[in-house]
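Have the sequence and the model side by side.

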Amino acid sequence: STWGLDSYSRPHMSAIALLLLFLAATAAAVNNGLGRTPPMGWNSWNQFACNINETIMMETADALVSSGLSALGYNIVWQDDCWAYAREENGTIVSDPTTYPSGMAALVSYVRARGLRFGIYTDLGNETCAGRPGSLGYEQVDADTYAQWGVYSAKVDNCNNDGLAPEERYPIMAKALNESGADIYYSMCEWGVDNPATWAPAIANSWRTTQDIKDVWI
C-alpha cells in the first residue's frame, strides 16, 4: 500500500543505505589493529594551550592513575601543541628545553611506566598552529622519532600548510607512521576540510569534523 511504502519502506531503506555506507567505510578502513574502541584520556590544549610543561604532564598522568580514571579506560595522556622547539642537523625534532628539560623521550617513559599511553601532537605544515616546527617534509623522520620514543598516538593538525590539500598531505604521514616500525594511532586533525569521512577511513584511525571546541556555553 501507499501507507506501507511511505511509513515503512522508506525509513528502512534509509537504514539499509546507512548500513551499506558503514560497511563500505569499514572495508576501506586502515587496518593497524588500533582504534577498535574510542580513545579516552586527557589532552592538554583546552585547559593549558601553550602554558604547558613536563611537570603538568607528569602530574596529570599521576592523577589519572590515583583517581581511578585510568582503570576505567581513560588511559591516554595527550601532549598537544607547544612542545616542539627546533630540529637537529639530521632533521630530528627536539622539545623545548625550558618547558621540557628532561626531553620528550623521558616524558613518554614516565607516562608509560604508569601503565598509560602517550599521545603526541604535530602539524602537516611548515609550522604548527602555535608557530612551532611542523612536520611538512619531515613526515618519516618524525614518525620514526615517535616510534623510538614509544608514542601510542599522533594528533596531526592542519595549520600553515602552504595551501596544499589535506588529501595530498595526510596520506604521506599515514605511510610514514606505517613504516615507522610501530603501531601508532593516527588522529587526523584537519577540521573537516574536504569531507574527510569520504577518504580518511582508508588512511587514519580517526579524523576531526569541526573547528576547535571550547569550554564555554554559547
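The buried residues of α5 (139-149) pack against β3, β4 (93-95), α4, β5, β6 and α6. Those buried residues are E139, D142, A143, T145, Y146, A147 and W149. Buried means under 20% relative accessible area, exposed over 50%, and partly exposed in between, with a 1.4 Å probe and protein chains only. Helices (H or I, at least four residues) and strands (E, at least two) are DSSP runs, numbered from the N terminus. An α-helix has 3.6 residues a turn, so residues three or four places apart point the same way. After α5 comes G150, with a positive phi near 95°.

This is a predicted model, in which local features need pLDDT of at least 70, side-chain atom pairs count only at pLDDT 80 or more, and totals for chains, interfaces and linings use all residues. Residues are numbered from 1 along each chain as its sequence is written, and side-chain values use heavy atoms, leaving out hydrogens and water. The mean pLDDT (the predictor's confidence in each residue, from 0 to 100) is 89, and 86% of residues reach 70 or more. Over residues 1-8 the pLDDT is below 50. That stretch has four contacts beyond near neighbours in sequence, where contact means heavy atoms within 4.5 Å.

Now look at the core. A nonpolar core is a set of buried Ala, Val, Leu, Ile, Met, Phe, Trp, Tyr and Cys residues joined through side-chain atoms within 4.5 Å. In the largest one, of 40 residues, W83, M104, F118, I120, W149 and Y186 touch the most other members. Elements that each supply at least two residues of this core include α3 (54-66), α5 and β7 (185-188). Another core, of five residues, lies apart from it; L34, I76, W78 and Y185 are among them.

What does I120 touch, leaving aside neighbours within four places in sequence? Its contacts include W78, W83, M104, Y146 and W149.

T60 sits in helix α3. Why does T60 count as buried? Because its relative accessibility is 14%. The C-alpha atoms of T60 and S44 are 9.3 Å apart, although 16 residues separate them along the chain.
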